[in-house]
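Hi everyone, thanks for coming. Please have the sequence and the structure open, and follow along with me as we go.

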Amino acid sequence: MKYLLTLLGIAGSILALAQHTIREPKAIRLHGADWQFALDPAGVGEAGEWYSNKVPASRFDKVSVPHCFSVDPRYQFYTGTVWYRRAFPWRPAGGKRVLLHLDGAYYSTTVYLNNRKVGAHEGGYTPFKLDITDYLKTDGTDNLLAISVNNNTWLPGSIPGAKDNNQPNDPFPGWMNYGGLIRPVYLTVEPAVYVDNIKVETTPDLAKGTAVLTVRTRLRNTSGQAVSPGMQLQVRQGERPLTLSWKATTGPIAPNQTGVLEATASLKAADVKLWSVDQPTLYDLQVISGSDTAHTPFGIRKVEARNGQLLLNGKPIRVAGGNRVVDYPALGSMEPDWLVEKDLRLMKEAGMELHRLTHYTPSETVYDWADRHGMLIITEAGNWQLTPRQMDNDTIRAKFRQQFREMAERDWNHPSVIAYSVGNEYLSETPSGQRWTNDMIQYARQLDPTRLYTFASMRLNILPKTADGEASQYCDFVSTNTYGNHAVVLDHIHRLYPDKPVFISEWGRRADTETGEAGQVTHLEEVMVEIRKRPYVIGASWWSFNDYQSRHQGTNPNGYRPWGLVGPERTKRPLYAAHQREMAPLTVQKLSFTPGAEGIHTLQLRVVARADFPAYTLQNYRLQAADANLLIPPLQPGQHVDLAVPVRGFDRTLNVTVLKPTGFFVLFQSIDLTNDTRTSNR
């Protein structure tokens with residue numbers, strides 16, 4: 001959910017968040033970039049009442065929020081508690097509720113307002129909010145907001161966290177524990193009865209072209225009396241409002257309780273435009289209940305896993321992806337809009353359409369971008385290599401369920417999210433791993449039954465003998481982290497689970513092995529040969545899209561692990577062009593070149609939609625060469641079309657580009673006009 005923002009942060013964040021405004025009428029923003037900041041290595045801040053005016057502002061440094069203290073040279077090696085403070089004015093608003101929102105604070109957070117503790121939260125990548133109405137001053141003087149944040153996830157007990165195996169070089173997550181208020185902090189002003197969340201479920205009938213829309217609106221009643229609110233709904237596709245007949249289920253909501261109002265409507269075929277990777281059509285839903293109004297975008301699409309295939313809108317799709325680690329020099333785990341745009345555009349143009357992005361929940365800006373531009377995402381929460389003891393621990397299980405719920409409730413209206421993962425690389429053949437997988441998928445399906453479910457297994461590489469010997473039996477599709485022996489591993493997985501699609505959730509090679517960057521390219525090409533032979537492999541997500549910092553064994557002296565298609569600052573390696581070439585869903589072949597009169601020649605090209613991998617229906621792609629801009633007719637996997645390209649003048653080579661209907665490059669190629677040799681992508 002995205003609400004109107006009363007920002008407590010930097011101007012850049014104001015601009016970024018204003019794009020996602022969905023609540024009306026507009027609230028009052030609190031401008032200002034200056035936050036007070038201090039380290040608390042001795043853990044004395046609470047006892048010393050650092051949250052109060054007893055400690056003067058002169059004792060603190062000044063920073064801008066969002067803020068990742070781990071990338072500041074003064075604090076970069078610090079793990080522990082830090083404090084943020086900010087004073088702000090407030091004019092009391094009678095009958096309104098004021099909520100404080102934190103989109104991400106790594107890792108454990110406690111919030112104080114005007115010398116009083118408001119609440120606490122654990123989890124560094126999921127959002128939370130607190131009702132601060134009763135803590136605000138009513139005399140018109142400034143309020144003092146204080147937030148303590150601790151980034152110590154080097155110890156067992158947190159999610160992510162350290163293992164409890166007591167083994168050297170096996171204790172903690174493989175990425176950095178970047179600390180701070182890493183995502184926006186803001187306020188919303190709500191009526192006494194307000195929209196707390198909206199869940200939109202779409203069920204398209206692919207044969208008829210129609211769809212059923214179900215809206216569940218969660219309302220919070222903060223008043224002292226029962227209410228029976230109504231609900232008005234409006235759907236738009238672009239600028240066009242749809243005329244729908246709603247069937248609603250309503251009822252009273254008790255004082256200080258939360259209730260859910262449900263409504264359904266049918267969309268006729270003329271109003272249904274399916275969302276896909278090349279046609280990412282979005283709708284907007286407006287909900288009015290009482291004096292509150294909220295919006296959320298959504299898409300209509302159908303995702304299924306059956307008969308060894310992944311089906312998007314009823315058609316098989318096999319596509320590549322990449323694991324993006326949230327890490328950038330001088331930003332750490334902060335994700336400003338420009339970085340999200342830069343990364344996801346690079347990924348899209350590298351042929352990465354289906355991602356298990358990383359082991360935690362990125363900024364919602366990532367999902368907004370994926371919705372608008374057509375990416376498929378498997379989003380993952382929590383369990384990074386938890387040990388059997390940890391997976392059986394009730395406290396750990398409760399923390400995971402909390403983080404998963406916060407992730408799902410934020411992301412469940414994003415059409416880009418096709419599946420949830422309940423963990424990465426735990427011992428899934430053990431009774432503990434089996435219980436965890438079954439229990440957490442069952443829990444998650446209660447929250448959101450509309451998505452597929454999986455987890456990233458590393459244990460299928462040791463070849464269990466029976467399907468019930470490993471927890472992938474509980475998944476809609478198998479996800480395997482496999483770094484070698486791909487043919488044998490994939491065939492064995494298929495024998496165990498012949499009806500389940502297989503997704504290679506991690507594969508790759510570092511750029512600093514004995515074969516260097518050339519070895520990355522060779523590895524890619526060799527494994528692609530095996531993938532293309534196996535139609536049950538629906539995707540392959542390279543580890544990783546980008547290099548990232550780590551403290552794990554095997555990290556280079558500069559602090560980075562060089563797995564990426566791109567370096568830390570997104571400089572492309574040779575692997576990038578190779579991945580782009582191998583993951584293009586089509587090929588372009590030269591058939592002939594015929595010289596013509598008056599310097600106008602004809603180049604005959606054959607465009608072939610790949611039938612193996614990647615493979616999916618191509619619609620409205622365009623081929624550009626010299627002055628030609630040709631529409632490629634719709635192609636099913638395996639089909640081809642011949643195009644005549646006019647060429648003015650004569651050079652040895654002609655550069656050919658193929659673009660998706662969304663405008664992204666999908667193929668760059670140089671055609672040799674003097675002979676039949678075809679060169680590779682640049």
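**Aromatic rings, a helix, a core and a sheet**

Let's start with two tyrosines: Tyr125 is buried, and Tyr360 is buried too. Keep in mind that this is a predicted model. How are the rings of Tyr125 and Tyr360 arranged? Their centres are 4.1 Å apart and their planes meet at 15°, so we call the pair stacked. Tyr125 sits in the loop between strand E7 (116–122) and strand E8 (128–131), while Tyr360 sits in the loop between strand E23 (354–356) and helix H3 (364–373), so this pair ties together parts that are 235 residues apart in sequence. Tyr125 and Tyr360 also belong to one aromatic cluster, together with Tyr106, Tyr107, Trp175 and Trp384.

Now for another pair, Phe477 and Phe503. This one is edge-to-face, with 6.4 Å from centre to centre and 80° between the planes. Phe477 is in the loop between strand E26 (452–457) and E27, and Phe503 is in strand E28, so the pair ties together parts 26 residues apart in sequence. Both of these phenylalanines are buried.

Which residues of helix H7 (residues 486–496) are buried? They are His486, Val489, Leu490, His492, Ile493 and Leu496. If you look down the axis of H7, these buried residues fall within an arc of 165°, so they line one face of the helix. They pack against strand E27 (478–481), strand E28 (502–507), helix H8 (516–532) and strand E29 (537–543).

In soluble globular proteins, nonpolar side chains tend to be buried together. Here the largest nonpolar core has 85 residues, and the ones touching the most other members are Phe404, Val422, Trp436 and Trp507. Helix H6 (residues 431–447) gives the largest share of this core, six residues. Have a look at Trp436: beyond its neighbours within four places in sequence, its contacts include Leu386, Met391, Phe400 and Tyr426. There is also a second, separate core of 43 residues, with Ile317, Ile418, Phe593 and Leu667 among them.

Last stop, a sheet. Four strands form an open sheet in the order E11-E12-E16-E15, with antiparallel pairing. Strands E11 (193–205) and E15 (247–249) are at the edges with a single partner strand each, so one side of each has no neighbour in the sheet. Inside the sheet, 11 bridges join strand E12 (residues 210–221) to strand E16 (residues 257–267). One example to find on your screen: Arg216 has Glu262 in E16 as its bridge partner.

Key. Residues are numbered from 1 along each chain as its sequence is written. This is a predicted model: local features need pLDDT of at least 70, side-chain atom pairs count only at pLDDT 80 or more; totals for chains, interfaces and linings use all residues. Side-chain values use heavy atoms; hydrogens and water are left out. Two strands pair if DSSP finds at least two bridges between them. Helices (H or I, at least four residues) and strands (E, at least two) are DSSP runs, numbered from the N terminus. A nonpolar core is a set of buried Ala, Val, Leu, Ile, Met, Phe, Trp, Tyr and Cys residues joined through side-chain atoms within 4.5 Å. Buried means under 20% relative accessible area, exposed over 50%, partly exposed in between (1.4 Å probe, protein chains only). Contact means heavy atoms within 4.5 Å. The arc is that of the directions from the helix axis to the C-beta atoms. Rings of Phe, Tyr and Trp (its six-membered ring) pair if their centres lie within 6.5 Å; planes under 30 degrees apart count as stacked, over 60 as edge-to-face and the rest as tilted.
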